[in-house]
Amino acid sequence: MPLKLIAPRRASKATSRQQVEAAVLAGKSWGVEAVCGPNPDYDGEGVIVAVLDTGINREHAAFNDPNLEIVERDFTGSGGGDTDGHGTHCAATIFGRNVNGVRIGVAPGIRKALIGKVIGGSAGTEALLEGFQWALSSGANVISMSLGFDFPSYREWLVDKGYASEAATSQALETFMDNIRLFDTLLEMNRHQQSIGRSAVVVAAAGNESGRDAAKPYVIQRSSPSAAIGVISVGAVMEMADGLTVAPFSNTNPTLVGPGVGIVSAGKITKRKKDALEAMDGTSMACPHIAGLAALHWQAAASHDRKSEEIAERVRRSCSRDRIYYEESTIADIGQGLALAPVKKPVRQR
């Protein structure tokens, strides 16, 4: 089955420019401020993060650090790099260094990143499964995925191949369920490998298919693989004058939420300009915020507590609903609330 991006909603050039200018003025993306506060106690040093996406443009200024090791692997057969820009934007939100004085990364102290290109070409979910296993075997502590299984496109492809409409729906559903079962098996393997230090916190975007701002408002359930057992599914919230609220596109029933509207991070570069910044909207943008936070919680934990299930639980326990405007009818849309960075405990004076 083909994979699809949890496609971001790119703002108009004017809106994006305004959001970038606001970030430059503040010296940081509002999303980083929202989850980390003004002076975070941790930066992700010592944590290995994997990003399974469209690849990365490692020439961007956000990754210009001799202490940063980026390991790339293409599972699509389409070649390395990132022609889309989505993977670069997400990676920079997790561990990007400051760009022209603007902090865009939640965990800029990360020194090793595994970049698996799993979207592109015709490999489909096979690329994701191979990329996921590669990330685990390569020592990833956190795996970030802003993607989904593309049921509609696969069904349409079967119809184009000559399947009757009913048969195409049946075959696509069977393939979809096979992928879910296989991914659940991988996650079960991930959990069992904790004893040998080969398990990771898995974070995935919940999806952007809802329409709370439509003429007839509607919500869509979180997409797969974010719906798989053991995955932290991430919805999106946006800024308002007096706090935060659910983004209109964010799918329902995520585990928790992260900043997902007007997120300033690494944009597409040119030969002359390698420090471009761009604002995007989507649960794709919320997901890397939480992946970055998972890295901070991993760093903050005592060595004997650095297990994927323990860190995932720490991320969930960090959540707060205090700044989010919600009613009981929308509480399912924010899950446990906005995840936050860990804080060092003060040393007791004797």
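Helices here are DSSP runs of H or I with at least four residues, strands are DSSP runs of E with at least two, and both are numbered from the N terminus. With that in hand, let's start at Asn-100. Asn-100 sits in the loop between α3 (86–95) and β5 (112–117).

A quick word on the source. This is a predicted model, where local features need pLDDT of at least 70, side-chain atom pairs count only at pLDDT 80 or more, and totals for chains, interfaces and linings use all residues. Residues are numbered from 1 along each chain as its sequence is written, and side-chain values use heavy atoms, with hydrogens and water left out.

Most residues other than glycine have a negative phi, and most peptide bonds are trans. Asn-100 has a positive phi, near 50°, and is not a glycine. Is Asn-100 buried or exposed? Asn-100 is exposed, with a relative accessible area of 60%. The cut-offs: buried is under 20% relative accessible area, exposed is over 50%, and partly exposed is in between, using a 1.4 Å probe and protein chains only.

Next, Asn-253. Its phi is positive too, about 65°, and Asn-253 is not a glycine. Look for Asn-253 in the loop between β10 (243–246) and β11 (256–259). Asn-253 is partly exposed, at 32% relative accessible area.

Now a peptide bond. Ser-224 and Pro-225 are joined by a cis peptide bond, with omega about 15°. Pro-225 is in the loop between β8 (201–205) and β9 (232–240).

On to the rings. A pair of aromatic rings is described by the distance of the centres and the angle of the planes. Rings of Phe, Tyr and Trp (its six-membered ring) pair if their centres lie within 6.5 Å; planes under 30 degrees apart count as stacked, over 60 as edge-to-face, and the rest as tilted. How many aromatic pairs does the structure hold? The structure holds 4 aromatic pairs. Take Tyr-154 and Trp-157: the ring centres are 6.0 Å apart and the planes are at 15°, so this pair is stacked. Both residues lie in helix α5 (residues 151–160), 3 residues apart, about one turn of the helix. Tyr-154 is buried at 14%, whereas Trp-157 is partly exposed at 45%.

Now two helices. The axes of α4 (residues 125–137) and α6 (residues 165–192) come within 11 Å and cross at roughly 0°. That makes α4 roughly parallel to α6. Axes are lines fitted to C-alpha atoms, for helices over the stretch in contact, with angles from 0 to 180 degrees between N-to-C directions. Under 35 degrees is roughly parallel, over 145 roughly antiparallel, 65 to 115 roughly perpendicular, and the rest oblique.

Which residues meet? Contact means heavy atoms within 4.5 Å. On the α4 side we have, among them, Leu-128, Leu-129 and Phe-132. On the α6 side, the residues include Leu-182, Phe-183 and Leu-186.

Ser-146 is in the loop between β6 (142–145) and β7 (147–149), and counts as buried at 1% relative accessibility. Ser-146 and Ala-286 are 140 residues apart in sequence, yet 9.0 Å apart in space, C-alpha to C-alpha.

Ile-311 is in helix α8 (residues 308–317). Ile-311 is buried, with a relative accessible area of 0%. Leaving out residues up to four places away in sequence, Ile-311 touches Val-201, Ala-294, His-297, Trp-298, Ala-301, Asp-305 and Arg-306.
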